Amino acid sequence: MTSKDSCILGVDIGTGSVKALLVGPLHSTLGVSSAPIEIVRPRPLWAECDPETWWKALRTAVTEAIKAASLAPRSVEAIGLSAQMHTLVLATENAESVRPAIVWLDGRAEEDLDAFRSLPFSLKLKLGNPLVAGMTGPLLHWLCRKEPESLERAAWVLQPKDWVRLRLVGMAASEQTDASATLLYDLFGEDWAWEVVDALRLPRHLLPPLYASDDLAGLLGQQPAQELGLPTGIPVAFGAGDTAAALVGSGIGEPGQVFLNIGSAAQVVAIRERPSPDPDLRYHLFASVRPRQWYALAGVQAAGIALSWGLSVLQATWEEAYGLIGETDGSAGDLFFIPHLAGARSPSMDASARGAFLGADLRHDRLDLLKAIFEGVAFSIADAAWTLPEAHETEAIYLAGGGSLNPAWRRFLCDLLGKRLLVIDNPNASARGAALLAAKAAGLLDKAELEPRIVASVEPDPKRHDRLLNSYSHWKHFEQLVVSGGRQVSSSQIST
């Protein structure tokens, strides 16, 4: 940044809110604000969001962040973007949304995965990823079958941050971190998988050109500047998907490093120098911001979402729940919770999986249920982490996100994983990463990279680790019964 009164605006379009972060000299946080957005479910399995709600939330968040920083709008020198990945936005040339965005939580395209499964092996190999219904490619295939009229009205298929950038600078484009998470991207050719697109008979003209995350996309236009209360002409970067941006914002980028981010979902990420997919496709492999670098991602579909659901249903507070998790060794009175409220990602990759309480009887009360929910989410995170070879080999795992803040929760995760947890002082990792990419694009930084700022280190307790592993093994037994795959869960199975 050029002066102490200047800043970079980083924006993150999340699943439940839009966040605006102002980053000042020495990467300091000058102001931050968020505004909620609503996911609607008009039909079973559907999850949609009107993109205009992102724009309205962005206006509110930017205004409040500038107010919190006590800065003049002219202090903003560049704008960077990150957002939820996989979500499909159909847009016209002038950035109008053709229909509500289909959010990554959506499950309507499960049948459309059959078309991907029918592809020749050589084409599926290019994708290098498990087939998930909530990704852009299957959702686009569903639109071709069910809403061809929507595609006729559209000029572009975009990701959320790309739609916002189209509003900001009038340029329709994407970049490799988001594109690689669509099931329409060639991981080895580092471009759209055009042979796959053609084999699936998808409209290739709707896929936008690809650029680098830290390239300059354009300058803020007059109309969006007025709506956001900012001056015109501010440089805007292409940005990155939220996980890739979080890696930048957290200073994670060396091969072999393992990063756990806990938000609405949870991601366990390992940095790789080569595009090496899992032979069993239990986890994802996406492009990183850095050229010729990738990251393996083992995902938990519902982490914070499941915890918030449990608190709401049981009318509990976070303080009450964290107090319980600090006391438990993972047994919860032999009551187990499977947190697949929106399907399962790593390792089973089963969109039809559903949540469940198992082992409940008359002994159990509200507190037992609450404890089991938090334990179940932790077990699901560990289950995902252990699919990554790097998670077994590393001595320490970096921890960030809103789910990293409570000491009792950190301790439980540390003892369960059996690895030292290095807590990063950055609950706004994606927005910060977006800001750093913008600073690089605007020529204000030589490179958009940080060193991880460690604020706490948690060492595992070997004895508690053993006890938690035992509880995890029981949980895993029940989880495998619940996850679909041609098996029905009988009462006799549950009682074993």
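Helix 11 gives the lining of the largest pocket its largest share, four residues, helices here being DSSP runs of H or I with at least four residues and strands runs of E with at least two, numbered from the N terminus. This is a predicted model, in which local features need pLDDT of at least 70 and side-chain atom pairs count only at pLDDT 80 or more, while totals for chains, interfaces and linings use all residues. Residues are numbered from 1 along each chain as its sequence is written, and side-chain values use heavy atoms, with hydrogens and water left out.

**Largest pocket**
- The largest pocket holds about 990 Å³ of space, a pocket being an open set of points on a 1 Å grid over the protein atoms alone where a 1.4 Å probe fits, with protein on both sides within 12 Å along at least five of seven lines.
- Its lining (residues with an atom within 4 Å of a point) has 45 residues, and Asn261, Ile262, Gly263, Ser264 and Ala265 lie nearest the centre.
- Among the elements supplying at least two lining residues each are strand 16 (258-262), strand 17 (266-272) and helix 11 (304-314).

**Second largest pocket**
- About 510 Å³ of space lies in the second largest pocket.
- This pocket is lined by 29 residues, with Leu105, Ala342, Gly343, Ala351 and Arg354 closest to its centre.
- Helix 2 (113-117) and helix 11 are the elements that give two or more residues to this lining.

**Helix 6**
- Helix 6 (residues 160-169) is largely enclosed by the rest of the structure, because ten of its ten residues are buried, that is, under 20% relative accessible area with a 1.4 Å probe and protein chains only.
- Just after helix 6, Gly170 takes a positive phi of about 80 degrees.

Notes. Points joined across faces, edges and corners; volume = space filled by probe spheres on them. Buried < 20%, exposed > 50% of the residue type's maximum accessible area, 1.4 Å probe, protein only.
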